[in-house]
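Good morning, and thank you for coming.

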Amino acid sequence: MVEAEPRAHPRGRRISHGLREEWIPSEMVTSSGLRCRAGCAELISLARRLGVPVLVVSAGIRELIVEALGREGVDVAQLRVRANGMVFGADGCLCGFEEPMVTSDNKHLVGEWEADRRTSRGWPGRMPSSWATA
């Protein structure tokens, strides 16, 4: 788990402000107005019909991305989302993020991580259990 320094990083500020699990993702997506780009749902649907695997890669927060995609009618069970998963403590407050963190500097590596996972060659660092879906 990655614990961010509150003053040095936006993720750390979320941790220090006591973000609660029950606010995620529905309330946050509703209040933020987060939406997919125009045509996103249709593109994913077409890819799935044609048998093209879909991998969504983002340096954003996975739970919010999945919620926004679902609201647009995307069958999220039919695609893979590689983004930053939140980790909550026993008190229900955000305490960190799963490793490895996806950042704008390493998003290009996610394809390699996926290929490594499929061929069982291992992962650079610890793979989050939530990334181990089929």
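Does Cys36 count as buried or exposed? Residues are numbered from 1 along each chain as its sequence is written, and side-chain values use heavy atoms, with hydrogens and water left out.

To return to the question, Cys36 counts as buried because its relative accessibility is 19%; buried means under 20% relative accessible area, exposed over 50%, and partly exposed in between, with a 1.4 Å probe and protein chains only. Cys36 sits in the loop between α2 and α3. Helices (H or I, at least four residues) and strands (E, at least two) are DSSP runs, numbered from the N terminus. Leaving aside residues up to four places away in sequence, Cys36 touches Ala68, Leu69 and Glu72, where contact means heavy atoms within 4.5 Å. Cys36 and Glu72 are 36 residues apart in sequence, yet their C-alpha atoms are 7.1 Å apart in space.

This brings us to helix α4, residues 62-71. Its buried residues are Arg62, Glu63, Leu64, Ile65, Ala68 and Leu69, and they pack against α2, α3, β1, β2 and β3. After α4 comes Gly73, with a positive phi near 90 degrees.

What do β1, α4 and β2 make together? They form a right-handed β-α-β unit: with the strands pointing away from the viewer, the path from the first strand over the helix to the second runs clockwise. β1 and β2 run parallel and are joined by four bridges; two strands pair if DSSP finds at least two bridges between them. Val56 has Val81 in β2 as its bridge partner. In β2, five of its five residues are buried.

Further along, a cis peptide bond joins Glu99 and Pro100, with omega about -5 degrees. Pro100 belongs to the loop between β4 and α5. In general, most peptide bonds are trans.

Finally, a word on confidence. pLDDT is the predictor's confidence in each residue, from 0 to 100. Its mean for the protein chain is 79, and 75% of the residues reach 70 or more. Confidence is highest in helix α3, at 93, and lowest in helix α1, at a mean of 53. Over residues 121-128, pLDDT stays under 50. Where pLDDT is low, the predicted coordinates should not be read in detail.

Terms used: Predicted model: local features only at pLDDT ≥ 70, side-chain atom pairs only at ≥ 80, totals over all residues.
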